[in-house]
Amino acid sequence: MPEDLTEPPGPLEQFAQDVRAEVQQKCARDASPEEQERAFTEWCLEALAEHNEADHAEVLPDCPFRAESRGPWPAAKLDAWAMSGDGATLDLFVTLYHGGEGVPTVGLPETRKHFKLLLGFLRRARDGFHQQLIDSLSDVCEIACRIHELRDTLTTVRLFFLTDGVARAEDIEEEKLEGLELRYVLWDLQKLSQLRVGHREVIELDFERDYGGAIPCLAGLENAREYQTYLAFVPGPTLARIYGEHGQRLLERNVRAFLQTKGKINRGLQQTLRNEPHRFLAYNNGLCCTVAEVRLTKLGDGRTALTWVRDLQIVNGGQTTASLYHAWKKERVDIREAVVQVKLTVLREPERVAELVPLIARYANSQNKVNTADLAANGPFHRCLEELSRTEWAPPVSGLARGTRWYYERARGSYLDDLARQGSPARRREWEDQHPRHQKFTKTDLAKYEHAWIGRPHWVCLGAEKNFVRFAERLEEEDEPEVNQDYFRHTVARAILWRTAEKLFDSLGLEGYRVNSVAYAVAWLAEKSGWRIDLNRIWKEQHVSPAVCEALKTVCKAAWEHLIGQPGNVGESSKKEECWEAFRKKDIPLPDNWESELAPAPFTVPGSEEEALKAKWEQLRLRFANNDCTLSELSALTNRPWANSNRPELVSAFAALTWEELRRRRGLGLKRLRTLVEMLEIASHHLAQAAPNAQEVHGAADTRG
């Protein structure tokens, strides 16, 4: 084999090539510069969300908002935005995408200009410029209106500049706005490259140097091989400062996203901090944290204290941390008397961190439930799918082609990391030939393909992150599928179906709402076919048959027309179940021969068990319409476990609901509903047995009378 004399690109140049190739995968082949910029913004936001640098951000659906300076209104641009649930923290994003070759330099004036454009949008929104917009139903109008309404609630605004160049920013001063803490955040190519797997920025805290002194602690259980524990007592102001400086990176292990102060528990925390801060330690369960390394010292009275920690991560207790920060920063509460207990686990085996941290989070004593959705990517379902994707070869598409693999990227960045490990350009090319970039799919892609197939396109329209949370919740609430060879192959087939629909949509020349339209189209056609679109054939041929393509193209156009015809904001309308239900019932004329290419039997029958449960529910529920026992009492009577969340509720309150109304209640998946139906069946049997005895007693009483 001849020696490869190709000069390998430098690490940053190679990363730039990799990123632009991934951006291109998100676009149509002839995508405009604006569409490429939007795809780059999406790529950045997914990477930042994966590392908890930014959460729940939404890209403007059509194109960025741009405005020149005019009169009192400054120049502005906005590509994406996010608002925390309590209305205290706002993130605004602006993008500069070059594409092309190499790694361009973004000079200081250009960097400063983009931060000013974001600041211009913030000023416009706070001053009510949404009232000047002609299209009052546009996304920009809604964003600006929301910011204007919450202008007195906002405490922190982060301005993000995203670019595929290397930007200068060392001499930029953050401007001041009265009543707001403004933070400038730059994510250029250099910094984005550090988010790759294995390059996570590690938090180091020096308590003696930066936080007013060492933290008293007690040494706890030691397991020489795996961990050492400590119980520390951290002053409230210290913890609030740490959260203010490091934010979501303290929660990087994907345990929980940003925490609000609206729930009962959080309101209680705020009340204690405001009225009885000296009792915070007594009332609060504290934090559960992990670290990679600690340094200790002895205080003058002989007690042990922490002086320094490396890689601090809060795996449970984020509500406490966020509440302290917001009480201190937003409410101006004096929290000097508040003390928080922290169970600190020093993990001694770095290679087992990914396994141990989710388990610590799951089993830690928690004040608010940590959903399985928050831990899902580390669960067996996703790990099994990942393993299959590394071993299963897809069929070659021609007699001359070699087989390839569909790469499931469970942990974001692992594809590029695996590619980088190949070393020489020749080996990189060989690995990439076996794992084509267009055959990579992520966990949010998986949720998108699955929910479109089973008839939940309105969930897909919620956005990648929120849709994945629904997917993970559904896996928890319903029976998790067996991840075997067939499941993997059918997942890939659904991916091919979705991506084919995207290409067909692009060929129609339609503008906007591509994801929404494709989700609706795939869901409609899957149901219309009786879920008989031949997934085995798609896997075997690695493409969708011509007749099904024609049908899909027709439905994509109908879906787009349906969505743009909705009253109000199209993006918001597509997220509503009633919008999907209206489209679901449409009669769309399809090509005559498309059904000839369907499989003889469905690949999933999503309604089979549910239909049976629905029939039983409708049969049983009327018997309990006036029953005054609680779910807790029904659970005890039938010996069936029921979650604590609604145990005090009356059975009659549930019996008043139709099956469709039950299904719309969050937290009531098929697992839970199956238990509820079982409880009613058993209770109904008890009532049937008790009735004859009651009649006999009643009859005997009549005789004696």
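Predicted model: local features only at pLDDT ≥ 70, side-chain atom pairs only at ≥ 80, totals over all residues.
Local features need pLDDT of at least 70 and side-chain atom pairs count only at pLDDT 80 or more, while totals for chains, interfaces and linings use all residues. Residues are numbered from 1 along each chain as its sequence is written, and side-chain values use heavy atoms, with hydrogens and water left out.

Starting with the rings, the structure holds 25 aromatic pairs (Phe, Tyr and Trp rings, the six-membered one for Trp, with centres within 6.5 Å; planes under 30 degrees apart are stacked, over 60 edge-to-face, the rest tilted). Phenylalanine 121 and phenylalanine 129 make an edge-to-face pair, because their ring centres are 6.0 Å apart and their planes stand at 80°. Both of these phenylalanines are buried (under 20% relative accessible area, with exposed over 50% and partly exposed in between, using a 1.4 Å probe and protein chains only). Phenylalanine 129 also has the charged end of arginine 124 over its ring, 5.3 Å from the centre (NZ of Lys or CZ of Arg within 6 Å of the ring centre and within 35 degrees of the ring normal). Elsewhere, Phe15, Phe40, Trp43 and Tyr97 come together as one aromatic cluster.

Turning to the strands (DSSP runs of E, at least two residues, numbered from the N terminus; helices are runs of H or I, at least four), E15 covers residues 304-310, and six of its seven residues are buried, so the rest of the structure largely encloses it. E15 runs antiparallel to E14 (residues 293-298), with six bridges joining them (strands pair if DSSP finds at least two bridges). In that pairing, leucine 296 has leucine 306 as its partner. The hairpin of E14 and E15 has five residues between the strands, and there glycine 302 takes a positive phi near 90°. Strand E10 (residues 204-206) is also antiparallel to E15, through three bridges.

As for charges, the count comes to 39 salt bridges (a side-chain nitrogen of Lys or Arg within 4 Å of a carboxyl oxygen of Asp or Glu). One of them joins arginine 158 to aspartate 91, with the closest N and O atoms 2.8 Å apart. Arginine 158 lies in E7 (residues 156-163) and aspartate 91 in E5 (residues 89-96), so the contact ties together parts 67 residues apart in sequence. Arginine 158 and aspartate 91 are both buried. Finally, a network of salt bridges links Glu34, Glu37, Arg66, Lys77 and Asp79.
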